[in-house]
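Subject: Model handover

Hi,

Here is the model for your files. Please open it alongside this note.

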Amino acid sequence: MPKNGEKQLSTVKVVKNILISQPKPESDKSPYYELERKHQVRLFFHPFIKLEGIPPKEFRKQKIDIALFTAVIFTSRNAIDHFFRMADELKVAIHPDTKYFCITESVALYLQKFILYRKRKVFFGADGTNKSLFDSINRHKGNERFLYVCSENQQDNEIVNWLKTHQCEYQLAFMYRTISNDIKEVLESNQFDVICFFTPSGVKSLFENIPDFRQNGTLIGAFGSNTSRAIQEKGLELHIQGPAPQKPSMVAALDEYLQQVSTKKK
């Protein structure tokens, strides 16, 4: 059944062109390409936002001593990149016993780029939802001091509220910010059946580029509760949503939806 405002599939809409508002995958083995082959659709990749690292001089104004925190929360690979960039630029040594709590296994595995990966200090949610992340933190939090690494203009308030409600010692660390990309040309020169969003900033970018954007039958996909909320606040109908236990990724959510379309067409 549809969740959190996700619109139920009532009529069959032929889906051929899907816009993924993220950079094109570097690997040919990306599950997106398998999805493309399986459902005979065409995927277009164009990031709606770009990230700008906050320089160390500006970060120091937050008065955060990274070395004092025993645990770090990551909800994206970007957060990991900027955490270790900042530590390197500030010449801060990360203690080898630091714990890392990640939103998904794929985000957790990305840590191998920076640390010796050991399961006793790297934890992740079972299905990519905030709830599963909270369950993971709850099992291992002890007396940890949490640093939640996030964008200056995009934090997950559900995570912040959970840490506060559960009396966790934590601090937000703004290490990068999101900036809208120029997407007018790609939207005006192509007809997309589906547009997939991954952050509230991506939704903001759409309306900054095209203030009078009208859905006009375009299906909307969203990954994450904050992204879904941002879409609905703009008065758009939401059709494809993740994560969820059976669809922990945007690929899985799209696969489920396209399978429904295929079944209804028969």
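Below is what came out of the analysis.

This is a predicted model, so local features need pLDDT of at least 70 and side-chain atom pairs count only at pLDDT 80 or more, while totals for chains, interfaces and linings use all residues. Residues are numbered from 1 along each chain as its sequence is written, and side-chain values use heavy atoms, leaving out hydrogens and water.

Start with the sheet. Six strands form an open, mixed sheet in the order β3-β8-β7-β4-β5-β6. Strands here are DSSP E runs of at least two residues, helices are H or I runs of at least four, and both are numbered from the N terminus. Two strands pair if DSSP finds at least two bridges between them. Twist averages 25 degrees from one strand to the next. Strand β5 (residues 99-102) runs parallel to β6, joined by 3 bridges. In that pair, Phe-101 stands opposite Phe-123 of β6.

Two helices go with the sheet. Helix α5 (residues 130-140) packs on it, touching β4 (71-74), β5, β6 and β7 (145-151), and its direction makes about 160 degrees with that of β5. Helix α6 (residues 157-165) lies across β4, β7 and β8 (169-180), at about 175 degrees to β8. Contact means heavy atoms within 4.5 Å. Axes are lines fitted to C-alpha atoms, for helices over the stretch in contact, and angles run from 0 to 180 degrees between N-to-C directions.

Next, the cores. A nonpolar core is a set of buried Ala, Val, Leu, Ile, Met, Phe, Trp, Tyr and Cys residues joined through side-chain atoms within 4.5 Å. Buried means under 20% relative accessible area, exposed over 50%, partly exposed in between (1.4 Å probe, protein chains only). The largest core holds 42 residues; Phe-74, Phe-83, Tyr-100, Leu-111, Leu-147 and Met-175 touch the most other members. Leu-147 has contacts that include Ile-64, Phe-69, Phe-83 and Met-175. Another core, of 22 residues, lies apart, with Phe-45, Val-194, Phe-223 and Val-261 among them.

Cysteines are quick. There are 0 disulfides (cysteine sulfur pairs within 2.5 Å). For Cys-150, the nearest cysteine sulfur is that of Cys-102, 14 Å away. Cys-150 is buried, at 2% relative accessibility.

Last, helix α1 (residues 31-39): its buried residues are Tyr-32, Tyr-33, Leu-35 and His-39. They fall within an arc of 155 degrees seen down the axis, so they line one face of α1. The arc is that of the directions from the helix axis to the C-beta atoms.

Best wishes

Key
Lists of a residue's contacts leave out its neighbours within four places in sequence.
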